[in-house]
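Please look at the sequence and the three-dimensional structure below before reading on.

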Amino acid sequence: MDTIETAAAPTRIRIGERFSLETVLSRDDIRDAARLLGDDNPVHLDEQAAIEAGFSGIIAAGPHTSALHSALLAKHYSKLAPMLGLEYSVRFHRVVTADAPLYFEWEVVAVEYKPSLKGELVSLVGKVVQGGRDVMTGTSKVVVRFPEYAAAATPAG
């Protein structure tokens, strides 16, 4: 796999790396998340209202699905080193339904050591799939701060 490297520090994260998670959202998961998010849209809370709106049942709120997707970044990278999300953008393609497997995935498309960020700047593309179809796609940038970079970094001032 290719990597983008600087003379100062080769990167530890590699272009092409992928990580994923599969889960199922129950109707209760969807309702609970909508309530926690303050989303009172009946299609997230009431089965009959969702059916009357043309869905097969309640559907997940967009922030619910996108939060799970972005949380996968933290779950993955925080096992390696402290990390910080810098950018996150999504596009919704279809609704997410209850009780069907959801597949969350990220792929590294660029990485470079950034002394100003005291770590590796990682650019990723991601997707969420249900029933074999993309329900959401997205991009993200995170910085991963391996201990060796903190020691070499100049204090911000």
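This is a predicted model: local features need pLDDT of at least 70, side-chain atom pairs count only at pLDDT 80 or more; totals for chains, interfaces and linings use all residues.

## Pairing through β3 and β4

Strand β1, spanning residues 18-24, pairs with strand β3, spanning residues 101-114, in the antiparallel sense over seven bridges, and within this pairing R18 stands opposite E107 of β3. Strand β3 is also joined by twelve bridges to strand β4, residues 119-130, again with the two strands running antiparallel; here K114 stands opposite G119 of β4.

The hairpin formed by β3 and β4 has four residues between the strands, and in this hairpin K118 takes a positive phi near 60 degrees.

## Pairing through β5

Strand β4 pairs in the antiparallel sense with β5 over eleven bridges, with T137 in β5 as the bridge partner of K127. Two residues lie between the strands in the hairpin of β4 and β5, where G131 takes a positive phi near 60 degrees.

T65 lies in helix α3, which covers residues 62-77. Because its relative accessibility is 3%, T65 counts as buried, the cut-off being under 20%.

Leaving aside residues up to four places away in sequence, T65 touches A60, V96, F104, V128 and M136.

Methods: Residues are numbered from 1 along each chain as its sequence is written. Side-chain values use heavy atoms; hydrogens and water are left out. Two strands pair if DSSP finds at least two bridges between them. Buried means under 20% relative accessible area, exposed over 50%, partly exposed in between (1.4 Å probe, protein chains only). Contact means heavy atoms within 4.5 Å.
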